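Reader: I'm new to this one. Could you show it to me and then take my questions?

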Amino acid sequence: MNKVEIYTSDTCGYCHAAKDFLKQYKVSYVEHNISRDMEARRALISKGYRSVPVIVINGKEISGFDQEEVSRQLNLI
């Protein structure tokens, strides 16, 4: 089973698209919303990121919603 985490914010359209994509393929994930969770915000910044979404699949970090890369990492293609 894949371990998937996604860092999001309330106002990020790409975040909503990424979550919709994951739901479409019935991929379970843990969401870290940096708009509501300051610890998640600090964790994201400590990883060197300043924007969302950041999708972490089995330890591999993907900056932005790259549908092709997400599909590849999840073995959907």
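Reader: In what order do the four strands of the sheet come?

Author: First, bear in mind that this is a predicted model. The order is S2-S1-S3-S4, in an open sheet with mixed pairing.

Reader: What makes strand S2 and strand S4 stand at the edges?

Author: S2 (30–33) and S4 (60–63) each have a single partner strand, so one side of each has no neighbour in the sheet. From one strand to the next, the twist averages 15°.

Reader: How do you know that S1 and S2 pair?

Author: Pairing takes at least two bridges between two strands. S1 and S2 are joined by four bridges, so they count as paired, and they run parallel. Tyr-7, for its part, stands opposite His-32 in S2.

Reader: Which strands does helix H1 lie across?

Author: Helix H1 (residues 13–24) lies across S1, S2 and S3 (54–57), and runs at about 155° to S1. Then there's helix H2 (residues 38–46), which packs on the sheet and touches S1, S2 and S3. The direction of H2 makes about 100° with that of S1.

Reader: What else is Glu-5 in contact with, leaving aside its neighbours within four places in sequence?

Author: Besides His-32, Glu-5 is in contact with Val-30, Val-54, Ile-55 and Val-56.

Terms used
Residues are numbered from 1 along each chain as its sequence is written. This is a predicted model: local features need pLDDT of at least 70, side-chain atom pairs count only at pLDDT 80 or more; totals for chains, interfaces and linings use all residues. Side-chain values use heavy atoms; hydrogens and water are left out. Contact means heavy atoms within 4.5 Å. Helices (H or I, at least four residues) and strands (E, at least two) are DSSP runs, numbered from the N terminus. Axes are lines fitted to C-alpha atoms, for helices over the stretch in contact, and angles run from 0 to 180 degrees between N-to-C directions.
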